[in-house]
Amino acid sequence: MLSIVATPIGNLEDISLRALQTLREADVIVAEDTRHIGLLLKHYEIPHKLMIALYDEIESRKVGELVSLIRSDQKVALVSDAGTPLISDPGYKLVREVINQGIKVETVPGPTAAITALTVSGLPPDKFTFWGFPKKNKISEAEGTNIYYVSPHKLLKFLKLLKGNQEIVISRELTKVFEETWRGSVSDAMIKFANPKGEFVVLWHI
Ligand code: SAM
């Protein structure tokens, strides 16, 4: 069986009992960065497992090997460096192939930065569009609340693509020591985040 296991987006306490149990029972852990998940396993005193790396560049060719493992009755847990696998992270091709082959897949839900930011934003949560990371020089938006992941070195470039007077919400370092949710105009955001550091989610409502 394949288990998709969500892990914390910062605060190590944000992990479910079921996620810990699934990781304890797994034969194999498939992770983006195996060192990163190693720290989580160590923190929760979960014995070291066979670890297999899975990142975007190799996902297509790794799928066959992983499906064979799952077919041979190995319990495989898929994790990301942070948050929910598949959400702007690898795993979709594996899950699709597992489903196509009629193998059982379960998900162990937990944190995801987009939803965490939405809940603390104060913006209407009833209709929202999650766009993931922005595509080159183009920002799509839809009616309702728009949610983007933005890496720090691209934040200012991203803000320049928005209207200066647009009211936005920026959540930074959610669940971590320097967590901050800032609200204001795009022009003010460019001053406030002139030297962006950390992980960012940008939201606005239209
Ligand atoms: N799978 C993850 C999830 O479920 O949220 C997202 C992984 S994606 C590669 C990483 C991006 O998620 C970061 O660049 C940032 O935009 C956002 N992110 C992850 N953790 C965050 C945090 N603690 N605070 C703010 N944004 C975060």
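Biologist: In which helix do Glu 65 and Lys 62 both lie, and how many residues apart are they?

Modeller: Both residues belong to helix H3 (residues 56-71), where they are 3 residues apart, about one turn of the helix. Helices (H or I, at least four residues) and strands (E, at least two) are DSSP runs, numbered from the N terminus. This is a predicted model, in which local features need pLDDT of at least 70 and side-chain atom pairs count only at pLDDT 80 or more, while totals for chains, interfaces and linings use all residues. Residues are numbered from 1 along each chain as its sequence is written, and side-chain values use heavy atoms, with hydrogens and water left out.

Biologist: What joins Glu 65 to Lys 62, and how far apart are the closest N and O atoms?

Modeller: A salt bridge is counted when a side-chain nitrogen of Lys or Arg is within 4 Å of a carboxyl oxygen of Asp or Glu. Glu 65 and Lys 62 form such a pair, with their closest N and O atoms 3.3 Å apart. The model has 8 salt bridges by this rule.

Biologist: Which parts of the chain are tied together by Lys 127 and Glu 143?

Modeller: The two side chains meet in a salt bridge of 3.9 Å, N to O. Lys 127 is in the loop between helix H5 (113-121) and strand E6 (128-130), and Glu 143 is in the loop between E6 and E7, so the pair ties together parts 16 residues apart in sequence. Lys 127 is partly exposed at 47%, whereas Glu 143 is exposed at 59%. The loop between H5 and E6 also holds Pro 125, which is exposed, with a relative accessibility of 52%. The C-alpha atoms of Pro 125 and Ile 147 are separated by 11 Å, the two residues being 22 apart along the chain.

Biologist: Which residues are linked with Arg 172 in a network of salt bridges?

Modeller: The network links Arg 172 with Glu 180 and Lys 192. Between Arg 172 and Glu 180 the distance is 3.0 Å, N to O. Arg 172 is buried, with a relative accessible area of 15%.

Biologist: How much space lies in the largest pocket?

Modeller: Rolling a probe the size of a water molecule over the atoms shows where empty space is left. On a 1 Å grid over the protein atoms alone, a cavity is a set of points where a 1.4 Å probe fits but cannot get out, and a pocket is an open set with protein on both sides within 12 Å along at least five of seven lines; lining residues have an atom within 4 Å of a point. Points are joined across faces, edges and corners, and the volume is the space filled by probe spheres set on them. The largest pocket holds about 670 Å³ of space. It is lined by 32 residues, of which Ile 9, Asp 81, Ala 82, Gly 83 and Glu 199 are the closest to its centre.

Biologist: Which elements give two or more residues to the lining of the largest pocket?

Modeller: They are helix H2 (34-43), strand E7 (145-150) and strand E10 (200-205). H2 gives the most, with 4 residues. At least three lining residues come from each of domain 1 (2-108) and domain 2 (113-205), the bounds being taken from an automatic or database domain assignment. The centres of domain 1 and domain 2, over C-alpha atoms, are 28 Å apart. Across the two, 6 residues of domain 1 are in contact (heavy atoms within 4.5 Å) with 9 residues of domain 2.

Biologist: How do the residues of the lining of the second largest pocket divide by class?

Modeller: The division is 6 nonpolar, 2 polar and 4 charged. Ala, Val, Leu, Ile, Met, Phe, Trp, Tyr, Cys and Pro count as nonpolar, Asp, Glu, Lys and Arg as charged, and the others, Gly among them, as polar. About 220 Å³ of space lies in this second largest pocket, and its lining includes Phe 133, Lys 135, Val 150 and Leu 161.

Biologist: What volume has the largest cavity?

Modeller: Its volume is about 30 Å³. Strands E2 (28-31) and E4 (76-79) each supply at least two residues of the lining; Val 30, Ala 31, Leu 78 and Val 79 are among the lining residues.

Key. Buried means under 20% relative accessible area, exposed over 50%, partly exposed in between (1.4 Å probe, protein chains only).
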